[in-house]
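Open the model in your viewer and switch to a cartoon view. The stops below can be selected in turn.

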Amino acid sequence: MGAALALAERGRGRTAPNPNVGCVIVAHDRVIGRGWTQPGGRPHAEAMALAQAGPAARGATVYTTLEPCAHESPRGPACADLLVDAGVARVVVALGDPDPRTDGQGIARLRAAGIDVTASICADGARRSMAGFLTRRAHGRPHVTLKLATSLDGCIALANGESRWITGPRARAHAHLERARHEAILVGRGTLTADDPKLDVRVPGLEDRGPRRILLSTRAEPGWEQIAAPDAIASLAGVDHLLVEGGAQTAAAFLRADLVDRLLLYRAPILLGGKPGLADLGLDTLAPAHGCWRLYDARMLGSDRIEVYERVKG
């Protein structure tokens, strides 16, 4: 299942409104098929893996990060039916599909055909992998990641506004990889005015995966999509993963609206005494600030440190 989850990451940010699923087919202790949801949502991961496995899929074990779909579409048959027709012996599923057109029906169809099904394997990993799809289903909006690149004292620029570059090349490359995993990226008017950012992906081989550029502002700007308030992200069609990059006012606006699901905090070993990374969050006491975030990952990127936090839901 770990291999299937890794494959699922290849489609992240490119499959909306479909989930980014990964699939591995194993026979006689050997991988005979691999698949992941392709750009635009088709083919599905299971269909891709079955096509690779061919007749060898009969009697095999299938590992898939999401319950195989049970509904047919003009774009392709139901994956549950494909697995039944292929004659697989066992299907291991990480997570059930909340889509009401499937939601348990895919697993039921497999079992009705005599296929052994094991569910809820590496479910937490699957939830993280498909966070965009699941957040859109549950809350009607994209999954939001807030990125902050700060000095040790929490600043994002010098007092005169200079901010290039706070972090080193490895941290910046990682941030560009994150851009490639999101359908859209958002900044505020202050960042647009100060930096005129391109918000593209400058990682060799991923240059074509630049996200859509969104501006948080009440005034339109040529060449930009624009929303007037954080809660308007629900209206962004085809966006299941949104990366918020700046600046301090925009970051605070999303945090005040309780719309941040994940924090990416890059910290460079420098002290600036300059402009803080966050504006006022509207807190009157310390108590509401505690217990909101859980550290999920931390590592060094050259001399910089990255910490990944997940929102603790009440």
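Keep in mind that the model is predicted.

**The sheet.** Start by selecting the strands. There are 5 of them in an open sheet, and reading across gives the order β2-β1-β3-β4-β5, with mixed pairing. At the edges are β2 (30-36) and β5 (116-118), each of which pairs on one side only. From one strand to the next, the twist averages 15°.

Next, select residues 22-27 and 61-64. These are β1 and β3, which pair in the antiparallel sense over 4 bridges.

**Helix α4.** Move on to residues 105-112, helix α4, and show Gly-106, Ile-107 and Leu-110, which are buried. Why do these three lie on the same side of α4? They cover an arc of only 95° around the axis, and that places them on the same side of the helix.

To see what lies over the buried residues of α4, select α3 (79-86), β4 (90-93) and β5, which are included in the cover.

**Last stop.** Finish just after α4 at Gly-114, where phi is positive, at about 85°.

Key: Residues numbered from 1 in each chain as written. Predicted model: local features only at pLDDT ≥ 70, side-chain atom pairs only at ≥ 80, totals over all residues. Heavy atoms only, no water. Pairing = 2+ DSSP bridges. Helix = DSSP H or I, 4+ residues; strand = E, 2+ residues; numbered from the N terminus. Axes fitted to C-alpha atoms, helices over the stretch in contact; angles between N-to-C directions. Buried < 20%, exposed > 50% of the residue type's maximum accessible area, 1.4 Å probe, protein only. Arc of directions from axis to C-beta. Contact = heavy atoms within 4.5 Å.
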